[in-house]
Amino acid sequence: MTSQRSIVPLGWTNKLTAVTVLWSAVSLLALVDTFNVDTSKPIIYKGPSGSYFGYSVAMLENKKGGWILVGAPRAEDAFLANGTIQQPGALFQCNWQYRSSCRPVIIDQTGNEKQVIPKHKNITVQNKKDFQWLGATVDVNYDGNENVVVCAPRWKDAEHEIQGHIFMNGMCYESSKELDFNPSSPWPVLDNLRMQIHAHGHLVYGMGSVGTSAHYSKDGSFLLFGAPGLNDWTGGYVRVSGGLQSRPKIFEPPRALHNNSYIGYAITTAQLTTDAVHTIVGGPRGNNSGKVIGYSQKFDMVLVKEGEQFGSYFGAALCAADLNGDNLDDLLVGAPMYSEQYDEGRVYVYINKEFFNLDFLAPALSGSNTPGARFGSTIVNMRDINNDGFHDVAIGAPYEATTGVVYIYNGAKIGLYPKFSQRIVGSDIDPGLRAFGYAISRSLDIDGNYYADIVVGAYGSDRAVLLRTRSVLDLQARFTISPSKVSHAKPTCVYKGRGTPCLKATVCFKYSGINLPPATEVKMTLKLDTLERHRGERTRMFLVLSDGPNTGEEVEETSVVEELRQDLWSCLKTYTIYVRESRDVITPLQLELDYDIPPNVPGISMGCDICPIRNIYSQTKETRQVIYMKDCGPDSVCMAELRINATPIFGVDADETQLLIDDSPMFEMDVHINNTGELAYLTYIAMNYPDTIKFSRARLLQGNSAVSCIPAKTPNASASLECDLTSPIVAGVDVVFRVRFYAAALPFNIKSFNISLEVKTASDEAADRLADNFVNVTIPVEIRSLVSIHSISIPGRLGTPRALLPNNRTELHLIHLYTLHNQGPSPFPHGQLTITLPHTPFVWLSNVQAKSRNSAENIALDCVVSGDAANNLGKQKEETEINDDEREKSAPQSAATSSDLVCRPGQCTTVRCYVGLLHKDQALLISLNITVKQDILHKMKVGRQLRIISQATFQEPDLPSYVSISADKNANATTFIVYKLHYRPAFAWWVLGVSIVSGFLLLYIIIVLLWKFGFFRRKRREELQKLIETSSTHPEEFEALHPPSSGSSPEPLSTPPPPFSSLSDDNDVMVLPPSNSFFPDQSQHTLILRNNNNNNNASNDFNGIQSHSHSLGGRQHQRDRGGGGGGGSLGRSRGQQHHVQHWTPPPPPPLPAFNNQLYLEPLEHTV
């Protein structure tokens, strides 16, 4: 056994445990399928609690059976000196089949007393066995006499007490395989008193610690003890050969060269040459990074390897194994404290190239590279556990995944597989394990299945675990295909009446190994045309099922299970495989054969204690290929020579020189392909462009090959298009097709973008002629937008009263509305609208509202107010009124004398609106709600009117592709503040209606009241009516009552009667003659009426009208009446008597009769 032990367990601390717990989940990701170290049926042995049971382990076979040897260096021994010695340590032996059979081995019953040891001479020692750590090291001579050695590196010899100091020399005990220790078993190799302390004062043998490591040589001829404390911790080792009575040889490396190196901390032997076995010792503190030294039998140095990292403890573990099967030992060196983060650990592998030339096999092994794992604390040669002819190794990482992990690495022709074949986690065996993997025994076939087993110690939980290995089954296959070439022009089979190319496939299997059942089963799966075909061609091969429920079905895959005999080839059947027609005659026809042992096979996966397992390094897949015969010469290799060109086309009429981003940004590209070589099979063009470009269509313009384009996925932020030419391109034929793209999602911040085109073919092309297979086309981009800005004031004129009450603080409100409208043709990327407006004690901004014209449009818009109104925007009216007087007092004099209110320093509010993407015909509305004090004209002492002006400026983006075609980027909104005119209030029609109805109602009431009180009864009218009646019936009485005046005679009528409209006197009445006619008899008189223009003629036709005078109480009324060119007068006097004189007009024209019964009011109308 190769032993390497620290006196105190490395890193068994709470801090290390926390780190390993943290990384345990990560380490589980590295799990691989279990190989042939079985973990399903482990045997766990438990020792005394706290005894470090499992600190060292070994296996032994003797006449009493198979045994597991476990060291427990902190165990108590009740039988040693009646239990008076504290924790002397012990070696336990356990029957491998019984987990509860462990008992201590009786090694030396001498207590802390003087003892004479019969060796090559009698050696007297004074034992000091307290805390001697018996069992810290154990090994078995598997290659020799099978002796057993166990060591107590902290044993002290009180015989050498100097000035109160007792020296820790260390002691080892050796016995035969029967574990019959005797008085000659101890090896007190550092008994020389004079060598304990050097004359200069440093310790020589005094702290030698012999037995820190122990190892029987590879050939079994000698025993080695490591003594890292020799010569003031320079270290060294002891070699014993020839039996218990031989004289040990102590080797002390030069202290000047190796001071404080701990040489002997680990020790092993290796066959570095074909004729000798060499000693390899590790000094993990040499040169602060560690070193490994090889010595010959004569203690000559033949090899030195040094660590690469400070403090990595390179050399703390050693192992020699023939990894590559060349009969020379290779070397593995552990550096368990190598750190990337914290003590991940490394194992360095050196391959023996003969003549002491060991080459490092990079990279170093790292297990799962888990921080705190200390991978490489132990390395053990397991011999050939899978029977492949190469030695395998086990490497411990005792502090990984909390419980510890053991890694299995398998040797190979190259030296060692870099990936472990098995990762055995302690918690998978028993969650209570701790430090699992700190000790690993040499391998031994303890269960007799011809495969070596191992024991793993877990001292942190006082346990040891036996892991047995499984038999390994090697499965082999033979897979043959004929013919090796096919051609559709030369069919070899007939299928459904047609000549079809076909293949013949033959499959044979064999399995072999040690300790396997005589028969087993194999499951085979045959897959056809498994290579990826060009351009998505369908599977080109099939076979026809000849049995089962699907007989006659065409399939591309078939599976069967057949029985095999050990070590005998078994050929199942020969398959006939048909070849379909396909455009892809370049890709080889590949057949794939998968095979394995199926699950639940008796003797392999069930019905066995430790079942066999298939060798993970043997193949389970075979592939064969068949090629097409092509029209490309006798070598069937087609050498094409392709060229490609591309030309972009912009605009519908190809009148643009760049891509205009508008509502439908479309462009096209003409692609020209030319071949000057042999047939170009499965030619396609791969285009790469930004993923914001979308493919629309492709159409052929020239050539005899159809084109089909399919977008393809790419792993990065680009898009790909593959355009397939369905027919082979022959020499001298041009193919031209046109591809259309849309760039609707193109970003605005680019001036151009590229489209790369590459023509590819399944045919071969010369590597130095591929430059013209690629072309890069640049597409220039332009964005043109016409953005108009408009403004309006609502209202445009705002009136304020001329006279205000002293405490009148009424506020007026107005709106300045700005609109932004994108008239295209391109979308407008983004911009900023900046609006400035005055801010004074009399005018201020109260609110800002911004929205799109259409509520359904989602346009990014964000307005920020800055300046004097920024802090007061949105405050309540009560808050702003408190500061009115202060505003007026603080108002600058310039504002009081100006008739225009605009943005000025100290009196300005700025509204900045970020405008996002505006598509064509989209518009934004920005509304500024402005508050104006009603007394602004009075306060500012403005005579007639005041203008409030806001100003807007629109900024367009600074983008490389943006071109502005906007005519005006500024706008103003003006509101006129004037005094109000006193306009009548608006007329209300309901008032008119109510007034009319009320008036009629009041009039009706008054009339009724007047009628009730006799207001409408006229006395004169009644008398007159009576007079008329009397004159009609009794003219004589009438003449008597009214005689004509004396001296008066009637005057002839020389003028026509006056117009009726002139009879306006209220007392004038018209007296009808007795004939009841308004006019005299028509036969006697005629009245002719004419227009005013004929008044002179009318005066000649009428006689004058005699004036009548009426006297009443001396009151005289005179009224002149006339018509035309003549005139007359009629006098009336009211008195006691009435004089009526009748006038006789000339004969009038016929007029309608007038009813005497009808009373006529005085007439004021002109006829």
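Which residues is S246 in contact with, leaving aside its neighbours within four places in sequence? Select S246 and find out, but a word on the model comes first. This is a predicted model, with residues numbered from 1 along each chain as its sequence is written. Local features need pLDDT of at least 70, side-chain atom pairs count only at pLDDT 80 or more, totals for chains, interfaces and linings use all residues, and side-chain values use heavy atoms, with hydrogens and water left out.

**Stop one: S246**

S246 sits in the loop between β17 (237-240) and β18 (249-251); strands here are DSSP E runs of at least two residues, numbered from the N terminus. S246 counts as buried because its relative accessibility is 10%; buried means under 20% relative accessible area, with a 1.4 Å probe and protein chains only.

Now look at two backbone oxygens. The one of G243 is reached by the side chain of S246 at 2.7 Å, and the one of S241 lies 2.9 Å from a polar atom of that side chain.

Select 266-273, which is strand β19; seven of its eight residues are buried. Two strands pair if DSSP finds at least two bridges between them. The hairpin that joins them runs through two residues, and T273 has A276 of β20 as its bridge partner.

**Stop three: an open sheet**

Next, colour five strands in the order β36-β47-β45-β40-β43, an open sheet with mixed pairing. β36 (485-486) and β43 (557-565) are at the edges with a single partner strand each, so one side of each has no neighbour in the sheet. Zoom in on β40 (residues 519-528), which pairs with β43 in the antiparallel sense over nine bridges. Here K527 stands opposite E557 in β43.

**Stop four: the largest nonpolar core**

Finish with I685, M687, L757 and I936, which have the most contacts inside the largest nonpolar core, a set of 79 residues. Such a core consists of buried Ala, Val, Leu, Ile, Met, Phe, Trp, Tyr and Cys residues joined through side-chain atoms within 4.5 Å. Strand β57 (residues 774-794) gives the most to this core, with seven residues. The core lies between domain 3 (642-783) and domain 4 (787-872 + 899-980), because both give residues to it; the domain bounds come from an automatic or database assignment. Centre on I685 and show its contacts beyond four places in sequence, among them I644, F737 and L757.

Terms used: Helices (H or I, at least four residues) and strands (E, at least two) are DSSP runs, numbered from the N terminus. Buried means under 20% relative accessible area, exposed over 50%, partly exposed in between (1.4 Å probe, protein chains only). A polar contact is a pair of N or O atoms within 3.5 Å; within protein, one must be able to donate a hydrogen and the other to accept it, and residues adjacent in sequence count only if both atoms are side-chain atoms. Contact means heavy atoms within 4.5 Å.
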